[in-house]
Amino acid sequence: MGKPGVDFPGLGVGLVILRHGRILLYKRMRPPEAGYWNIVGGKVDHMERAEEAARREAEEETGLSIGRIDRIGMTEQIIDADRQHWISILYLARDVDGEPQLTEPDKLSDFGWFPLTDLPEPLSAFTKAAIAALTTGEPAQLSARSAAS
């Protein structure tokens with residue numbers, strides 16, 4: 001059948017989590033873009049609504065309880081170095097309860113809250129697209145090709 005994102009374009013979701021003007025980012029340990037700071041997210045499972053996938057992935061990765069989320073755009077990422085191709089729906093959450101945790105230490109190595117004006121490096125292409133969608137105030141349809149490894 002093949003693997004999404006590797007054998008055929010994968011459908012993913014990403015969730016920008018904001019609290020007190022800061023964005024929650026996690027550092028990835030696996031491709032695509034291992035070693036890069038990223039918003040939370042993942043793939044949409046068969047017969048799962050994208051909005052529910054965004055909430056599920058965020059809760060699994062952070063331990064937070066996610067309330068209302070709003071769609072802010074879409075992005076297509078082709079990561080040449082990792083030979084991955086993802087089309088993702090981007091969401092925003094401001095309604096979150098709890099404190100973030102490192103719940104998937106086999107996938108993520110670190111996390112933190114960062115002001116949008118002082119972000120860590122390197123940022124994943126996916127995260128850059130989400131922040132662009134967030135800061136323009138308009139739904140985004142962004143496409144990027146990255147040579148990140």
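**Entry 1: the largest pocket**

I began with the largest pocket, which holds about 750 Å³ of space. I note here that the model is a predicted one. I then looked up who sits around this space: 29 residues line the largest pocket, and the closest to its centre are Arg28, Pro31, Pro32, Gly42 and Trp86.

Which elements give two or more residues to this lining? I found strand 1 (10-19), strand 2 (22-28), strand 4 (40-43), helix 1 (50-62), strand 6 (69-79) and strand 7 (84-93). Strand 4 supplies the largest share of the lining, with four residues.

I also sorted the lining of the largest pocket by class and wrote down 12 nonpolar, seven polar and 10 charged residues.

**Entry 2: the second largest pocket**

Next I turned to the second largest pocket, with about 150 Å³ of space. By class I have six nonpolar, two polar and two charged residues around the second largest pocket.

**Entry 3: aromatic pairs**

How many aromatic pairs does the structure hold? I found two.

I took Tyr26 and Phe111 to begin with. Their ring centres are 5.1 Å apart and their planes meet at 25°, so I logged the pair as stacked; the cut-off for that word is under 30 degrees. Tyr26 belongs to strand 2 and Phe111 to strand 9 (residues 108-115), so this pair ties together parts that are 85 residues apart in sequence.

Are the two partners buried or exposed, or in between? Tyr26 counts as buried, at 1% relative accessibility. Phe111 is partly exposed, with a relative accessible area of 27%; buried would need a value under 20%.

Then I looked up Trp37 and Phe114. This aromatic pair is edge-to-face, with 5.2 Å from centre to centre and 70° between the planes. Why does the pair tie together parts that are apart in sequence? Trp37 lies in strand 3 (residues 37-38) while Phe114 lies in strand 9, so the parts joined are 77 residues apart.

I checked burial here as well. Trp37 counts as buried at 7% relative accessibility, and Phe114 is buried too, with a relative accessible area of 18%.

**Entry 4: to remember**

Strand 9 holds Phe111, the stacking partner of Tyr26, and also Phe114, which pairs with Trp37. Strand 2, where Tyr26 lies, is also among the elements that give two or more residues to the lining of the largest pocket.

Notes. Residues are numbered from 1 along each chain as its sequence is written. This is a predicted model: local features need pLDDT of at least 70, side-chain atom pairs count only at pLDDT 80 or more; totals for chains, interfaces and linings use all residues. Side-chain values use heavy atoms; hydrogens and water are left out. On a 1 Å grid over the protein atoms alone, a cavity is a set of points where a 1.4 Å probe fits but cannot get out, and a pocket is an open set with protein on both sides within 12 Å along at least five of seven lines; lining residues have an atom within 4 Å of a point. Grid points are joined across faces, edges and corners, and a volume is the space filled by probe spheres set on the points. Ala, Val, Leu, Ile, Met, Phe, Trp, Tyr, Cys and Pro count as nonpolar, Asp, Glu, Lys and Arg as charged, and the others, Gly among them, as polar. Rings of Phe, Tyr and Trp (its six-membered ring) pair if their centres lie within 6.5 Å; planes under 30 degrees apart count as stacked, over 60 as edge-to-face and the rest as tilted. Buried means under 20% relative accessible area, exposed over 50%, partly exposed in between (1.4 Å probe, protein chains only).
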